[in-house]
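Student: I have a new structure to look at. Can you take me through its terms and values?

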Amino acid sequence: MISVRKRGKVYQYQYDIAPIDGKRKRVTKSGFKTKAEAEKAGTIAYNEYMQTGHNFVPSTMSYSDYLDYWMS
């Protein structure tokens with residue numbers, strides 16, 4: 001379940017992930033101008049987590065650089 005709330009002038013979303021060592025863990029991201037933007041981004045992130053079990057973390061490494069790293 002995704003929750004959206006306003007923090008100052010921006011909105012944030014958060015959702016629960018699998019507990020680690022019996023402690024509740026949450027994913028939180030902030031900085032959205034509107035509530036609708038936060039809900040949309042939160043839904044996409046939550047669906048990806050539910051399908052893969054991982055949170056998406058963007059990388060600056062290019063595909064070519066990754067292949068060079070993988071080959072070595």
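Tutor: Start with one residue. Leaving out residues up to four places away in sequence, Gln12 touches Ser3, Val4, Arg5, Arg7, Thr28, Lys29, Ser30 and Ala38. Contact means heavy atoms within 4.5 Å. This is a predicted model: local features need pLDDT of at least 70, side-chain atom pairs count only at pLDDT 80 or more, and totals for chains, interfaces and linings use all residues. Residues are numbered from 1 along each chain as its sequence is written, and side-chain values use heavy atoms, with hydrogens and water left out.

Student: Why is Gln12 called buried?

Tutor: Buried means under 20% relative accessible area, exposed over 50%, and partly exposed in between (1.4 Å probe, protein chains only). Gln12 has 6%, so Gln12 is buried. Its place is in strand S2.

Student: What makes a stretch a strand or a helix?

Tutor: Both are DSSP runs, numbered from the N terminus: helices are H or I with at least four residues, strands are E with at least two. The protein has two helices and three strands. From the N terminus, the order is β-β-β-α-α.

Student: Is Phe32 buried or exposed?

Tutor: Phe32 has 14% relative accessibility, so Phe32 counts as buried. Phe32 sits in strand S3. Beyond its neighbours up to four places away in sequence, Phe32 touches Val10, Tyr11, Tyr13, Glu37, Ala38 and Ala41. Ala38 is in contact with Phe32 too, and with Val4, Tyr11, Gln12 and Tyr13, leaving aside neighbours within four places.

Student: What makes a set of residues a nonpolar core?

Tutor: The set must be buried Ala, Val, Leu, Ile, Met, Phe, Trp, Tyr and Cys residues, joined through side-chain atoms within 4.5 Å. The largest such core here has nine residues: Tyr11, Tyr13, Tyr15, Val27, Phe32, Ala38, Ala45, Tyr46 and Tyr49. S2, S3 and helix H1 (35-52) each supply at least two residues of this core. H1 gives the largest share, four residues. In soluble globular proteins, nonpolar side chains tend to be buried together.

Student: Why is Asn47 called partly exposed?

Tutor: Asn47 has a relative accessible area of 38%, so it falls in the middle class. Asn47 lies in helix H1.

Student: And what about Asp21: buried or exposed?

Tutor: The relative accessible area of Asp21 is 76%, so Asp21 is exposed. Asp21 is in the loop between strand S2 (10-20) and strand S3 (23-32). It has a positive phi of about 55° although it is not a glycine. Most residues other than glycine have a negative phi.

Student: How does the radius of gyration of the protein compare with that of a compact globule?

Tutor: The radius is taken over C-alpha atoms, and the globule rule is 2.2 Å times the number of residues to the power 0.38. A compact globule of 72 residues would be near 11 Å, but the protein has 16 Å. The C-alpha atoms fill a box of roughly 45 × 35 × 20 Å along the principal axes. Of the 72 residues, 17% count as buried.
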